[in-house]
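Please prepare a short briefing on the structure shown below.

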Amino acid sequence: MKRILFLLFAIGLGAGMTVMAGMSTGKIRKETRFLTDKMAYELNLTTQQYNDAYEINYDFIYSVRNIMDYVARGYEWAMDDYYEALDIRNDDLRWVLSDGQYRRFMGADYFYRPIYVTGGRWSLRVYINYPNRGLFYFGVPYHYHTYCGAHYRPHIHHTSYYRGRYNNFHHYSTPHRVRDQRVYHSYRRSDFGSVRIRPNSSVRPHNAPTRPGNSYRPETGPGSSSSNRRPTSGSSTGFSSSNRESGKTSSSSRGSSSKRNDSSSYNRNNSSERNNSSSSSRRGSSSRSSSSRSDSGRSRSTRSNVSSGQTERRSSSGSARSNSTQSSSRSSERNSSGSRR
């Protein structure tokens, strides 16, 4: 009985695990790209903004990946850590986006507060608005395979790496921290309203995961040495058109390949038809030749029978003539002997 109860407890615990718990680096990159791609599409980001927004979103998702399981279970200290990481991310984006872009960003909950919990699981809100997870409007960011957190604010003395990179437009004037807003509790109910807060869980335990931003993630990969030499310009129009052109090129190449496949299959069908027709003609000719051979055999046998019949008739006529000659000679001998008497 105890064993059954233990198994039921383990099954219930596994069912309550989050959807993204234990995310691999590849999974983090994919989720980050999807979120950044939709931000670039709706906020009309340039190429440089797109690459920087990808890094900021990557740092955010990476830093909360280990605490969201505790958030879903109702630990208040984990919620505090989550909103701390969210405020860092949103303030970094303030230095990347223009004033108008940032206002539109704050007006979209699936961008401004991207994570929510429901039914004991956590996920990105952007999937509600964009349920097709294979849809991407743009190509992969510049550092998609190599960025590992070198520009995260806690790693560089808690100052934003992106401050001062965009001086050609006006930024949103003041930091807009979620926890400093009067509607913070309504935000929290919207984000984690289905979570039952555990009592006396506001103090962070000593064995909890590392607080977001305290673990250093060095830049690795073949392109890590060029982290500061990425593209620093690019209009949104050119960025969109280039990706659309690449999409057209890929679709045309797919179309040409499908045409080649169709033509090859058509040629194979024609060749198979020719083979079938040739085999049928060979079978027909062989049947005709065999029938002609049998007909010729029958004709030869008929001719042989006819010739044998003619030979028999000739031999019988010859024997009849010889008999008549012998009888005439005997009668002449009798007449001659009678005259002598």
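Which residues touch the most other members of the largest nonpolar core? They are Met68, Tyr82, Phe105, Val126 and Phe192, in a core of 60 residues. The model is predicted: local features need pLDDT of at least 70 and side-chain atom pairs count only at pLDDT 80 or more, while totals for chains, interfaces and linings use all residues. Residues are numbered from 1 along each chain as its sequence is written, and side-chain values use heavy atoms, with hydrogens and water left out.

**Overall make-up**
- The protein has 10 helices and 2 strands (DSSP runs of H or I, at least four residues, and of E, at least two, numbered from the N terminus).
- From the N terminus, the order of elements is α-α-α-α-α-α-α-β-β-α-α-α.
- Of its 341 residues, 38% are buried (under 20% relative accessible area, 1.4 Å probe, protein chains only).

**Core**
- A nonpolar core is a set of buried Ala, Val, Leu, Ile, Met, Phe, Trp, Tyr and Cys residues joined through side-chain atoms within 4.5 Å.
- Not counting residues up to four places away in sequence, Val126 touches Phe34, Leu35, Lys38, Tyr110 and Phe111 (contact: heavy atoms within 4.5 Å).

- In α5, 16 of the 19 residues are buried.
- Ser98 sits in the loop between α5 (76-94) and α6 (99-106).
- Ser98 is buried, at 16% relative accessible area.
- Beyond neighbours within four places in sequence, Ser98 contacts Gln49, Phe169 and His170.

Note on methods:
Buried means under 20% relative accessible area, exposed over 50%, partly exposed in between (1.4 Å probe, protein chains only).
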